Structures are given as structure tokens and as C-alpha cells.
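Please open the structure in your viewer and keep the selection tool at hand.

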Amino acid sequence: MANEESLSAKATHQAGGGLSGEKRRVKTLNSVLISYLQTIYNARADKVKKSWLSDTREAFITHAQGESEADLAEELLQKTDWDFNGFLQYMTSPATNIAAPPQVQDFSWPLSNYFISSSHNTYLTGNQLSSDSSADAYKNVLLRGCRCIEVDVWDGDDSDSDTSDSSSSDDEERKPKVKRTTTTKAKDKIKKVKGKIPSSVTGRLDKISLGKKKKLMDKKMIGTASTTDETTTTATGGPIEKTDSVGSFSSLKKVASTKEPRVLHGYTLTKDILFRDVCEAVRDYAFVVSDLPVVVSLEVHCCAQQQEAMVSIMEEVWEGLLLPEPKEDTTTLPSPGELRGKILVKVKYAPPDNILSEVAGGSGNGGSATPPGPDGADSGEEPAVAAADAATTTKTTTTTPAKKKKHASKIIQTLSKFGIYTRGVSFKSLMQPEASMPTHVFSLSENDVIEVHEKSRKELFMHNKRYLMRAYPSGLRIRSSNLDPAVFWRKGIQIVALNWQNWDEGMMLNEGMFAGTGGYVLKPAGYRYEEERRVITDGSSSSLPSSSPLPLTTTTTTTTTAPSTNQSNAVQHYTMDLTIEVIAAQNLPLPPGDTNPASFHPYVKVEIHVEEAGERHGTDLPADGKEKGGEYKAKTKSLKGCDPDYKRQKLSFAGIPGVVPELSFVRFLVRDDELGRDTLAAWACVRVDRLRQGYRFVHLLDAGGVETSAVVLVKVGKGLRLG
């Protein structure tokens, strides 16, 4: 119990999903900071009364700080005049936090109009190959504000077989041998993956499931008939026998397991946990810090019997938290306000029996509704292999069109029905039939998103205004590093999944995006689908309480307006001028593993994150075909100790183009100046639209994302102009 309380306490003070930094105060001030604040105060104090009169205070708040006195807490305005103690009370209050509190959120827009704080492979506690899985990982991210988690579910037995995708290695050995050829491209891909694997585990991988995966990847390059002994399912989810490549019936059937489904990263050395334990953790912690809906993204690798077990467990453990099955499909996604306190299950869409599989699955996979991977998502299959597999299927179906088959989905109907508003669909193109289904969710790796953007950037951006999309890190990020989420947010992607167990730039930007929001952020104007908005019939915005009937009720309607082409519906870009005077700091934490303050030589580095070349959406590129952009950096000189006086060193950034304030960020990094790599000691990240000007305190988190008492006093000058 004590350990659980400790976990909860640490998680709620740990950054990542937006729960840190709320109403932070500076509890103490060292002599250096007091001296600087005294100088600021004296420069404006009345010569006779030696204090700030009310008009002086108002002028300082309005002109120096860029705010209104109406924004201040009532306790700071109780005295007509401010003496120095009154000024210190203001400067140490949350009112001087460099990050302004988020605006009051409007949760009445359809889900596709929000960015959602999201986790990738949530169960892992470390790297992608050999770390432990833990139900505590779900508790941790949920208590930190995460609203979309991932669960990879496998059969509850002791084998490493992926029964929903291919046969086990034992089945492989019992098949007739077929002469196989593997393309150079596939070999290079496998070699690249193996090159990323730590040497400490390389030797063991060939003996277990990763070696089997390599064999399966090799097999998928064959240009002849399939040599895999797939297990297909009937409409009711039961296994059926199928003919193998030489025409004989396979006598091998999957025996139902008496064990419950497991959660793990398949084909790796990662440890497993029970699916039930994960569901219980979600039930207990999903709505502790926010009542906004939680999306559970299922990646299902189970046989039909184990999928039935998943259904039973979810119905039992999440009773009262799941959405009731609707009488008919919706034409518009509901709003977060209508889904408070509810769990949304994202699972592979299996079309009902009366829908032709070529409509459900598109034409890019030989008419099959079954994707190369279990959810058309993080299947562990690299794009080159998937593309080759698709090419093989296409070649086969092209040469023998009369034998084209409609395969049954490997996801049973009773499980697929959980995906009411979040139906996972394998991505083939933005023009496939499912791309206009309101409830579909495409899941693409970071590299696939970039490829689609390069070919169809406007279509991608417009798609993401109205429909949900999920992006996740490349499978080659073995050490659980993260992509740059801002790049994908600027493409309108709502669910950008990150590895929360790793602290890097990606997680810092995630904190900057969602700080204090509860895990949902309304997209800026121009990124929203303005032509549809859910409203109450009396004309007021819909923000239904959690007790309201679900799903969509008769009290709501959809309004449609003519498409707008004026400036109010365009993506606004600004040119920014930014100056940051770094005055002094106190209580800086030492880098991990460092215990000697005398050897600590910290400097403050400021980085500006704005769009890069080619990221512009909804408008043509400039006439010269290029966009000036990139990351802007500057740093102070390094000093010694944990309480450095930087003597107002000024860092200037002039004429930064392409700034969308809601999607641009300022990062403050405190690093130790040492030989080799400068180790991170502390950091903070602020969204540009929430970056306050004037004299401000930057509240720092340590290298592990935990709140500290460390602060840096700065003076910020910020100017934005259209351009």
C-alpha cells in the first residue's frame, strides 16, 4: 500500500501529460534573486513613500508584464499600495509563472478537433526489446494526464506464436519445404533492425521469437502461393480448417488456452503481464485526475477463443465505463464533453457479415479485410516488408482474378463491436472507402506519415480535420526514443503516441502541449472542421455531464455551414521576435548520478520549436518553393554551482517565421558544461501562445520529469506579427 501511494504521489508531480506545473509558487528566494527583485522594485517606487502606488502597480502589470490586474488573485489586490513584501508576494505567486494557465477548454467539438495526450506501448518500463512490462506503467501515465493508452494482447499460453497472423515455428517445420527467395531490400531491412539490437541480447534472439519473426518476414517476400498456415475464423469467431499450399488439409488446430490473455511486446525478450491486470489498472486510475474520455488502443494478436476471453474481462472489469452499443452508426463523432468518464476502445474493425469484405477492406489487399498486421498499426512489420507483401498479394490476384477470395476478419465480431467511435482500419490510401467512415481511425508509423505527407499533404491535412488518425514511433526506435510530436500535430494528427518511460525532446514537447489541460487540447482555428459542430437544440454548445445518456442523444443535432475561404478559417502564421534575459537561478538539481555541486557548471539553453521546411498546410509553398524554418537555439555562459548568477545575459531570436503559437514551443534546458556530452540537469517547455512576457520564473523539472524547487528568473520580450 505504501509503495502504491508513493507511485501515485510521484506520478502526479511528474511531467509528460500536463499534470505538472499547476499553480506553482516560489517558496523561498536566495539572496541573489532578492537583490535583483529589490532593484526592479526600487526603480519604480515612489520617492517619498518608498512604495508602489496603485497606478504604479497597474502600469507595471499592464506594460511590463503584459497582463491586466483583473487577472491577478484577489489576495494580491487587497492593499492599495505595494511595499516590497507585497511585491515579493506577487513575484513568488503563480501569477509570475512563465507559462500562463490554459484557457477554459470548450469540449463541445467532435473528437477529431482535439489533440489527445497519448502513449505508445504503454506497458513497457524501458527499451522495446528486453524491458519489463508492468500494470504500474498504466497507473503512472494515467495519473500524469495520459488519455490514450496502448495494449498489445497475446494468447495466454507459454508459446511465442502469433495465432492471428501466422503459424508457430513448429507448424513451419511440419510443412513441405518450398524453395524461397528474399529480396535484397528485405535483407537490408532485417540487417538494419538487428544492427539496432544491443549486443547483450543479440545472441539470444535467434533462439526465441524474434528469430521466428525474421523467418516470417522472409517468407512474405515469396512471389508464389502462400506457405504460411494461417488460422482463419468463421463468422462466429471459431477456428476453421484451411487447405495448405500443397492441397492437403492441415490437421493442426489451435487448442483453446485455459490461461487468460497476456500483454507484452511480441517477438522480443520483454516480460508479460495479464490483460486483466491492465484492465483493472485502467479502471482504478483512468479518471482520477481527469474525467475526460480515455481511449484504449488494442493491438490484438489472439486467437478467437482468447478474444472471447478479452471481451468477458472488459465487460466484467469495465462495467459502467463502456459505451452502450448504438442502434445505428453515427454520422458525426461525439464530443469529449459527451463522453466524460467513459472508456473508448479502439480495436480493429470487422465489418458485419452482410457487408462485402472488399468494401470493408478496400482493394489494396486483394479484397481482404485483414491487414498485414493485427490492427493496421504497430504490427512489428516494417514498411518495406508490408509493401512487398502487398505487392505479392496484388501480383497473385492480378494474374488469377477468378480465384480472388474474401477472407474473414481475424477479429471476432463481439470484440470488434467495442470500437464504437474508434474503429481501427488498415491504411491503404486517403481515398479508400473507409476514409469517409466517421468512426474510422488510421494508425501510421512516423515514416509512413511523412511519406503520405510528401505525396498528399493537403489531402492529409483535410482528412485530419474531420477524422481521427494515430501516429506512432518507428519500430527501429529500439531504445524507446521518441519522434517530434509537434511535426505530427501540425499535420492535424490527434493521437501522437510517445514512449512515456523515456525522457527526451518528444516528451518535453508533449508536456508543453498538454500542461494543465486534462489531456485534451482544442485544435487552433484552421485545424478544426468548422462545417460540423454539435450543438444543443436550443443553440448553446453541447457539454453534457457524465451522467448524460450515451452515445449520442436526441437532444443534440449537427449544424452545417458553407465552407469558409476567408481568413478566419485559414491557418494563421506569424513572424516572432523573442528576447529572453536570463537573470539568475536557484536550487538547480544536479544531473543524474552527480553528487558534487562543486563540479557542476550549468548553463541555460533556449530552443525554439517551429515548423520546418515543407510543413505548411492548407496553402501553397512560397513562390521560391522553400520555407524558411527550423530550430533556433542560444545559450548562456556556464557558471559554477546550483545557484548561478547569469547577470542578465540576453538571448535574442529575431524574425522567426512560420509560427503558429498554439503549435510552437520554447524549451529551457539546464545542462552541465563538461567534456563530451553535456548532461541534462533540468528543463521546462512552454507553448508560445502561453509564454508570458515580463519578469517571470521558469519552474524547472529534473531530468526524470519530476517537479523541483528550482527556478530561473528571466525577463521575456515577445512580439508576433502576421507574415
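Begin by colouring the protein chain by secondary structure, and you will find 17 helices and 23 strands in this predicted model. Among contacts between residues at least 6 apart in sequence, 77% join residues at least 24 apart.

Next, select residues 31–42, which form helix α2, together with residues 84–91, which form helix α4. Two packed helices are described by the angle between their axes and the distance between the axes. Here the angle is about 115 degrees, the axes lie 11 Å apart, and the crossing of α2 and α4 is right-handed. Sorted by class, the contact of α2 with α4 has eight nonpolar residues, one polar residue and no charged ones.

Which residues touch the most other members of the largest nonpolar core? Select Phe-275, Leu-298, Trp-318 and Leu-415, which hold that place in a core of 84 residues. Apart from this core lies another, of 34 residues, and Leu-588, Val-604, Cys-642 and Val-686 are among them.

Finally, centre the view on Phe-275: leaving aside residues up to four places away in sequence, Phe-275 touches Val-151, Val-153, Pro-261, Arg-262, Val-263, Leu-298, Met-310, Ile-313 and Met-314.

Methods
Residues numbered from 1 in each chain as written. Predicted model: local features only at pLDDT ≥ 70, side-chain atom pairs only at ≥ 80, totals over all residues. Heavy atoms only, no water. Core = buried A, V, L, I, M, F, W, Y, C linked by side-chain atoms within 4.5 Å. Buried < 20%, exposed > 50% of the residue type's maximum accessible area, 1.4 Å probe, protein only. Contact = heavy atoms within 4.5 Å. Axes fitted to C-alpha atoms, helices over the stretch in contact; angles between N-to-C directions. Helix = DSSP H or I, 4+ residues; strand = E, 2+ residues; numbered from the N terminus. Left-handed = near helix turned anticlockwise from the far one by under 90°. Nonpolar A, V, L, I, M, F, W, Y, C, P; charged D, E, K, R; others polar.
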